[in-house]
Number of protein chains: 2
Amino acid sequence: MDVSNMSIRLPDWTPLVEGHLATGEPIVNLAGDGEGVYDAIFVGGGAAGRFGSSYLKAMGGRPLVIDRWPFLGGSCPHQACLPHHLFSEAAALLDRERWLAGQLWFRPAGEVKASILELVELFRRGRVAGHAFMNWQTKTQLGVEYLLNTSARVLDPHTVQAGGRTFRTRNVVLGLGARQKPIDPAECPGGDLPGVYDFGTLVETLDYEPRRCVIVGGSKVAVEYGSFFQAAGCPTTIFTRNPLLRTKTMHHVDEDARRYVLDGMRKRGVEIYEGGVPLEIKGTDRVEAVVATGPDGETFHIECDFVFNGTGERPNSEPAQEWLGVEVGSAGEVVVDRRMRTSVPDVYAVGDLIGPPMEMFKARKTGVTAARNVMGESAEFDFTEYPDFLHTTYEMSWVGLTEEEARAQGYDVMVIQMPPKGLDHDDILLPCAEGTMLYAFLKPGLSGFQKCVVDRATRRILGFHHVGYGAKDAFQYLDYLLRRPEGITIDEMGQLNELFLNPEHFIQLCRLRAGGAELVDI
Amino acid sequence: MDVSNMSIRLPDWTPLVEGHLATGEPIVNLAGDGEGVYDAIFVGGGAAGRFGSSYLKAMGGRPLVIDRWPFLGGSCPHQACLPHHLFSEAAALLDRERWLAGQLWFRPAGEVKASILELVELFRRGRVAGHAFMNWQTKTQLGVEYLLNTSARVLDPHTVQAGGRTFRTRNVVLGLGARQKPIDPAECPGGDLPGVYDFGTLVETLDYEPRRCVIVGGSKVAVEYGSFFQAAGCPTTIFTRNPLLRTKTMHHVDEDARRYVLDGMRKRGVEIYEGGVPLEIKGTDRVEAVVATGPDGETFHIECDFVFNGTGERPNSEPAQEWLGVEVGSAGEVVVDRRMRTSVPDVYAVGDLIGPPMEMFKARKTGVTAARNVMGESAEFDFTEYPDFLHTTYEMSWVGLTEEEARAQGYDVMVIQMPPKGLDHDDILLPCAEGTMLYAFLKPGLSGFQKCVVDRATRRILGFHHVGYGAKDAFQYLDYLLRRPEGITIDEMGQLNELFLNPEHFIQLCRLRAGGAELVDI
């Protein structure tokens with residue numbers, strides 16, 4: 001369908017995308033029928049391609065975005081961030097149903113019946129509205145040309161074919177994304193049995209209600225989806241070779257915060273075997289059991305009808321290598337410099353394709369960085385340090401150094417934390433604020449954890465760590481304050497204006513100590 | 001009870017405070033039996049007194065705090081912020097029960113029975129744990145001397161009597177707080193009938209389940225408690241002379257955000273009569289009805305068993321006038337300069353006593369400002385501009401200029417908002433993030449509202465406005481960024497690292513426009 005000269009209202013995009021998901025016919029939105037030379041063709045219209053092309057267009061350039069799906073936005077609204085947030089919100093609400101059962105208006109224990117399948121179906125039905133918005137906004141508000149629902153083929157850095165046409169361009173920006181790693185059949189056969197899912201296939205093909213789940217791997221996705229499955233009433237066991245939240249790509253997780261989260265998951269019934277190695281997924285027609293060794297060498301044989309692959313993702317770099325011969329690193333990532341330039345002139349790579357962190361801020365900002373370079377700026381983007389988060393039935397957010405890291409780096413560390421060290425959390429209704437008020441009054445130990453790591457010498461804050469609700473958004477700005485050349489001191493934090501009860505209590509806790517020449521833990 | 005030389009564990013404070021709430025015996029925590037001269041005696045141990053005395057102590061000074069209640073922290077943990085947050089969280093959860101009834105694991109419409117009385121009782125039972133923490137922290141972590149559960153009498157700026165003792169001090173810091181204004185019997189008789197409550201008496205004395213509520217007044221408390229009563233199943237009508245959220249002390253409320261909130265309250269069944277004037281609260285033994293005129297002069301006679309006074313608070317300045325003759329303003333506030341000095345030398349005033357905004361950040365920071373001045377710094381604190389929030393069944397947060405204010409001030413305004421102007425919210429699952437995911441997929445129009453007001457000429461952001469969940473904490477830092485001399489531009493916002501799905505979508509929406517020389521609404 002050629003929409004180039006049509007003015008499509010937002011609600012009309014939903015059936016249009018739905019229809020094209022079925023047919024495979026391209027959606028064409030071109031100026032001048034795609035003639036002339038583009039400044040950049042973005043191959044892949046996920047977060048990186050969409051933001052990069054929009055930025056390039058705003059700068060006065062001419063971008064084209066091509067995507068194999070009939071919508072822009074990529075995996076986030078289709079399979080990744082959006083369902084993860086929906087499922088995590090369900091998990092958080094179901095967590096309240098569990099702990100508050102029989103109190104106030106909550107039903108007695110065991111009476112709440114949630115369905116993973118129903119939530120998956122809710123997402124599957126509803127996600128197209130998100131797709132519609134991306135297509136609408138990109139065309140109507142951002143004025144970007146695109147070609148969707150069709151595969152691209154890059155002939156050289158200046159020529160791209162797609163949808164039966166050949167386009168000319170000054171540059172190519174590759175945003176091919178990443179995909180779930182398969183469970184290695186040499187290490188653990190059976191990963192191809194029906195009943196084995198990952199975050200993508202879950203929302204695409206789940207068609208029964210899982211009753212018992214085993215998760216293979218210890219990625220963020222393993223923690224997030226495992227917490228959701230358990231909260232929805234499907235008992236879940238996680239086998240992970242490495243300690244949870246201690247993977248290479250998940251840096252700066254404070255040990256006290258980590259312990260609060262892991263204890264919390266176990267308290268809710270999730271079985272976690274760190275150092276656990278899955279040996280085989282058994283079944284004839286479909287998954288029936290997982291055999292694994294535990295951390296102490298014991299063997300587990302867990303009957304289950306649902307296996308979830310949480311081993312992490314790998315960049316889709318094969319086409320980039322085949323088309324252009326770009327340099328690829330050991331984990332399959334396309335190698336780029338800080339300007340997102342690949343080893344091939346006029347070819348950039350962005351988003352998950354260039355490796356971890358496979359997060360939204362990085363995808364979008366690498367896209368923007370490529371666009372700025374295409375347009376003649378020498379913009380750089382360093383994403384070695386960043387704020388991070390994940391969900392269990394809580395939000396967990398962190399930025400900067402952990403207490404251990406700060407001590408290991410030789411800082412004279414002062415710690416601000418809530419609840420304070422050495423107290424029994426069940427005696428304290430703090431921390432409390434949005435999202436933990438009922439816990440504070442009925443189950444204080446569930447009201448969260450927070451810590452701020454301070455350097456005594458300079459009084460600068462080195463890191464912030466939070467488990468609870470309502471603080472994640474603030475961590476975007478805490479990241480900014482931490483990464484300024486002057487950083488932020490406990491004294492400056494104490495000067496901010498809090499919106500009490502603030503979900504993280506950092507401002508007032510800093511203020512309580514800011515008056516002293518000598519910094520003492522609180 | 002003299003606890004001066006006792007080491008009291010946190011859990012032991014709870015029964016201790018509970019006991020003293022009943023007996024009226026003072027709690028004494030003094031060094032050297034209160035002999036010698038204090039640097040400052042804080043009369044009132046609420047937020048202002050507690051933070052001021054702690055800061056003064058940290059600076060090396062010697063403070064004493066005296067409070068009539070057997071705990072520190074003042075009205076916040078006893079009657080104000082803490083119950084308001086508990087009730088607002090209940091309202092938010094009950095709001096989901098209502099809109100999602102019959103879907104997923106939610107019960108069919110009408111089956112959820114919440115009880116205002118039960119929530120009040122939950123708070124009443126649990127609040128002492130908060131009190132215990134304040135007493136424990138102030139003694140054990142902060143080392144501040146205090147005398148609780150006894151009235152103070154200031155003889156002169158250097159002499160204070162309390163608990164049968166006389167204390168000497170270099171300065172007095174008055175933190176006497178504020179109290180609910182009564183409903184003026186000349187304008188509306190019947191305000192003294194049983195069944196008429198305010199936020200304080202509600203938690204102290206409610207002993208039945210309210211079935212029908214009329215709120216007199218349009219303060220923040222009126223909006224917050226009204227939303228709670230309605231969500232808990234008690235139909236509520238608000239009569240307010242001034243438009244809601246348009247009082248003098250609630251500045252910078254954007255009209256679109258305001259409309260979203262008011263429409264939302266009405267959609268949930270709250271009847272709001274702006275320009276409504278209550279004429280009489282009727283009843284023989286207790287409240288039976290409220291008679292009022294509506295905005296168009298019509299007369300209302302609303303039968304009800306519960307009237308809530310939401311007319312706002314007035315400073316407790318009478319003792320300050322009587323003791324010391326300090327200057328008091330037209331609204332009963334003790335007049336201070338930016339150093340919190342009253343008209344009487346060596347006498348400071350802090351917190352709600354000095355008038356609006358009666359918010360936590362102001363209370364605490366005025367206390368700290370007084371402490372710093374007592375200790376010889378010439379610290380100033382200007383609280384004419386600040387971030388603000390309130391609850392309905394949503395969180396609403398705002399800082400900086402509204403769109404109307406910016407236009408009125410002559411700025412060439414660009415607006416970033418979600419959902420975008422002119423679209424039907426029911427077509428868009430955005431904005432969505434923590435707390436609005438289920439709404440996004442089941443009732444998109446309930447997923448919130450956000451706006452960012454930008455000056456085209458300088459590209460500086462002038463104001464942020466948000467209705468939803470999970471963004472309030474961030475507004476503390478947005479306030480900081482806005483009030484820097486250089487402020488923050490849309491381009492700098494676009495450079496931040498978002499934690500997607502971020503509850504306010506400001507960073508990425510700014511980034512989508514940051515590339516352009518010409519700023520266009522989005």
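1. In this predicted model, four strands of chain A make up an open sheet of mixed pairing, arranged in the order β2-β8-β7-β6. Its edges are formed by β2 (37-38) and β6 (152-156) of chain A, each of which pairs on one side only.

2. Within that sheet, β6(A) pairs with strand β7 (residues 159-162) of chain A in the antiparallel sense, over four bridges.

3. Strand β15 (residues 277-282) and strand β16 (residues 289-293) of chain B are antiparallel, with five bridges between them. The two form a hairpin, and six residues lie between β15(B) and β16(B). B:K282 stands opposite B:A289 in β16(B).

4. Most residues other than glycine have a negative phi, and most peptide bonds are trans. A:D33 has a positive phi, near 55°, although it is not glycine. This residue, A:D33, is found in the loop between β1 (27-29) and β2 of chain A; β2 is also an edge strand of the sheet described in point 1.

5. Two cis peptide bonds in chain B should be noted together. The bond from B:M418 to B:P419 is cis, with omega near 0°, and the bond from B:L430 to B:P431 is cis with omega near -10°. B:P419 is placed in the loop between β23 (413-418) and α12 (437-442) of chain B. B:P431 likewise lies in the loop between β23 and α12 of chain B.

6. The contact between the chains involves 105 residues of chain B and 105 residues of chain A. The size of an interface is often given as the accessible area lost when the parts come together. Here, chain B and chain A bury about 9200 Å² between them, and 66% of this area is on carbon and sulfur atoms.

7. What is the count of salt bridges between chain B and chain A? There are four salt bridges between these chains. One is formed by B:K472 with A:E434, whose closest N and O atoms are 2.7 Å apart. Polar contacts between chain B and chain A number 40 residue pairs, with both residues at pLDDT 80 or more.

8. On the side of chain B that touches chain A, helix α5 (residues 116-141) of chain B gives the most, with 12 residues. By class, that side of chain B has 63 nonpolar, 17 polar and 25 charged residues.

9. How are the two chains related? Two copies of a chain are related by a rotation about an axis and a shift along it. In this model, chain B is superposed on chain A by a rotation of 180° with 0.0 Å of shift along the axis, at an RMSD of 0.0 Å. The two copies are therefore related as by a two-fold rotation axis. The same surface serves both copies, since 100% of the contact residues of chain B recur in chain A.

Note on methods
Residues are numbered from 1 along each chain as its sequence is written. Chains are lettered from A and ligands numbered from 1 in the order in which they are written. This is a predicted model: local features need pLDDT of at least 70, side-chain atom pairs count only at pLDDT 80 or more; totals for chains, interfaces and linings use all residues. Side-chain values use heavy atoms; hydrogens and water are left out. Contact means heavy atoms within 4.5 Å. Buried area is the accessible area (1.4 Å probe) that two parts lose on being put together, summed over both. A salt bridge is a side-chain nitrogen of Lys or Arg within 4 Å of a carboxyl oxygen of Asp or Glu. A polar contact is a pair of N or O atoms within 3.5 Å; within protein, one must be able to donate a hydrogen and the other to accept it, and residues adjacent in sequence count only if both atoms are side-chain atoms. Ala, Val, Leu, Ile, Met, Phe, Trp, Tyr, Cys and Pro count as nonpolar, Asp, Glu, Lys and Arg as charged, and the others, Gly among them, as polar. Copies are superposed by least squares on the C-alpha atoms of residues with pLDDT of at least 70 in both. Two strands pair if DSSP finds at least two bridges between them.
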